[in-house]
Amino acid sequence: MREYMENDKDTVKKIVCNQCGKSLQVENGIVKEGVFRGVARWGFFSEKDGEIHDFDLCETCYDRMAGSFRIPVEKEEQTELL
Ligand SMILES: [Zn+2]
């Protein structure tokens, strides 16, 4: 989950891993460690029609989740790092 600055809703103030509750390091709106943000926009054919689900996972919890997949994640190298 994310909290944004009261006076600047585009600048993130705090990110907490939804799985384990760890606070991730954020400095001046920039996340200083690995984070996975999941956003699911559930549509008409789901049972959550119209809901948007938004969560964050720290890198450890991401690795645990992805490691449980029957089919591994697809990996490729980024040409530009943000
Ligand atoms: Zn975590």
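**Zinc site and its surroundings**

Modeller: Along the chain, the zinc donors follow the spacing C-x2-C-x37-C-x2-C. This is a predicted model, in which local features need pLDDT of at least 70, side-chain atom pairs count only at pLDDT 80 or more, and totals for chains, interfaces and linings use all residues. Residues are numbered from 1 along each chain as its sequence is written, and side-chain values use heavy atoms, without hydrogens or water.

Colleague: What makes C17, C20, C58 and C61 donors of the zinc ion?

Modeller: Donors are N, O and S atoms within 2.8 Å of the metal (3.2 Å for Na, K and Ca). The SG atoms of C17, C20, C58 and C61 coordinate the zinc ion at 2.3 to 2.4 Å.

Colleague: Why is the arrangement around the zinc ion called tetrahedral?

Modeller: Four donors count as tetrahedral if all angles lie between 85 and 135 degrees. The four donor atoms here subtend angles of 104 to 116°, so the arrangement is tetrahedral.

Colleague: Why is C17 called buried, and why is C20 called partly exposed?

Modeller: Buried means under 20% relative accessible area, exposed over 50%, and partly exposed in between (1.4 Å probe, protein chains only). C17 has 1%, so C17 is buried; C20 has 45%, so C20 is partly exposed.

Colleague: What is C17 in contact with, beyond its neighbours within four places in sequence?

Modeller: Contact means heavy atoms within 4.5 Å. On that basis C17 is in contact with K22, L24, D56, L57, C58 and C61.

Terms used: Four donors count as tetrahedral if all angles lie between 85 and 135 degrees; four count as square planar and six as octahedral if opposite donors are over 155 degrees apart and all others between 65 and 115; anything else is irregular.
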